[in-house]
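Reader: I am new to reading structures. Could you take me through one part closely, and show me how the rest is arranged around it?

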Amino acid sequence: MADLAFGNLTADLAARCADLERRAFPTADPAELLSEADITAYAETFPEGFFVCRDGDAVVGQGAGILLDFDFDHPQHTIAGITGEHQCGNHDPDGDWYYGTDIAVDPEYRRRGIGRHLYDLRKDLVRRLDKRGIIAGGHPDGYEPHRDRMSVPEYIAEVAAGRLHDNTLSFQIRQGFEIVGVLEGYLTDPATDDYAALIVWLSETPSR
Ligand SMILES: CC(C)(COP(=O)(O)OP(=O)(O)OC[C@H]1O[C@@H](n2cnc3c(N)ncnc32)[C@H](O)[C@@H]1OP(=O)(O)O)[C@@H](O)C(=O)NCCC(=O)NCCS
């Protein structure tokens, strides 16, 4: 971690962030991933919620999000639908929740604590802004080897129960998130049959 620098998004980093996004989600539909134009819009809309990790000039990690209200009685949504145009168009500064739209670490830089630090920065922001917590769609990217034996919702239930380990979902559980549901058609990705796990982290100190 010694040479790594963490900070907020600036527009000049947009192309490098978009490139990282495609490397981090190689099986997802690129049309649904954050593009350079989307990230440029984030730099204008809510750069405080978009954290970037750099190694020199290279962007090696990023965690993005917007503020919104969320209806837990009707939780089904897609990434594109809930986040709006440029995946940040639905940002509402008065929203109760930070919705994590993206977290990605360069495959060459994983397992060094970058992901955890990005989550810590998000949690600090939530506490500072007095929001209720973080919501996201967790990507069950370890599903493929289990395809013959179970569906993605069954796999997510096994990971939630601690009987299977998923690189992304188990990591998110260790960051204090709870899997509270399954989202259908969330992000077009043949590796996950388009599913995601609805995950929630509750702030310890919200006043609302
Ligand atoms: C999920 C993701 C962001 C995690 O990023 P990361 O930087 O590798 O995360 P960390 O290094 O903080 O932690 C990952 C694991 O490495 C371990 N780790 C951290 N530092 C370590 C070190 N120095 N040595 C060995 N292991 C270490 C952590 O304990 C953690 O293990 P665990 O999951 O068993 O608890 C990354 O794997 C990724 O980009 N995945 C693809 C994109 C994706 O699916 N994003 C999530 C969408 S919901």
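Author: Here is a walk through the sheet, then the helices, a loop residue and the ligand.

The model is a predicted one. Start with the sheet. It is open and has 7 strands, in the order β1-β2-β3-β4-β5-β7-β6. The pairing is mixed. Strands of a sheet pair through backbone hydrogen bonds, and they can do so in a parallel or an antiparallel way. The edge strands here are β1 (4-8) and β6 (178-183), each of which pairs on one side only. On average, neighbouring strands of this sheet are turned by 25 degrees against each other, direction ignored.

Now look at one pair. β3 and β4 run antiparallel and share 8 bridges. Find Gly61, and its bridge partner in β4 is Val105.

Next, helix α1, residues 14-24. Its buried residues are Ala14, Cys17, Ala18, Leu20, Glu21 and Ala24. Look down the axis of α1: these residues fall within an arc of 160 degrees, so they line one face of the helix. What lies over them? The cover includes α2 (36-45), β2 (51-55), β3 (58-68) and β4.

Helix α5, residues 152-160, can be read in this way too. Val152, Tyr155, Ile156, Val159 and Ala160 are buried. Their arc around the axis is only 140 degrees, which puts them on the same side of α5. Among the elements that cover them are α6, β6 and β7 (196-202). After α5 comes Gly162, with a positive phi near 85 degrees.

Now move to the loop between β6 and β7, where you will find Tyr186. Is Tyr186 buried or exposed? Count its C-beta neighbours inside 10 Å. There are 24, and the cut-off for buried is 20 or more, so Tyr186 counts as buried. Thr78 lies 108 residues away along the chain, yet the C-alpha atoms of Tyr186 and Thr78 are separated by 4.1 Å. Set aside the neighbours within four places in sequence. Tyr186 is then in contact with Thr78, Ile79, Gly137, Asp194, Tyr195 and Ala196.

Last, the ligand. It is surrounded by 21 residues, and the closest are Arg110, Arg111, Gly115, Arg116 and Phe171. Two or more shell residues come from each of β4 (97-105), α4 (114-128), β5 (133-138) and α6 (169-174). By type, the shell has 8 nonpolar, 7 polar and 6 charged residues.

Keep β4 in view as you look again.

Methods: Residues are numbered from 1 along each chain as its sequence is written. This is a predicted model: local features need pLDDT of at least 70, side-chain atom pairs count only at pLDDT 80 or more; totals for chains, interfaces and linings use all residues. A residue is near a molecule or strand if its C-beta atom, placed from the backbone, lies within 6 Å of it. Helices (H or I, at least four residues) and strands (E, at least two) are DSSP runs, numbered from the N terminus. Ala, Val, Leu, Ile, Met, Phe, Trp, Tyr, Cys and Pro count as nonpolar, Asp, Glu, Lys and Arg as charged, and the others, Gly among them, as polar. A residue is buried if 20 or more other C-beta atoms lie within 10 Å of its own, exposed if 12 or fewer, and partly exposed in between; C-beta atoms are placed from the backbone. The arc is that of the directions from the helix axis to the C-beta atoms. Two residues are in contact if their C-beta atoms, placed from the backbone, lie within 7 Å. Two strands pair if DSSP finds at least two bridges between them. Axes are lines fitted to C-alpha atoms, for helices over the stretch in contact, and angles run from 0 to 180 degrees between N-to-C directions.
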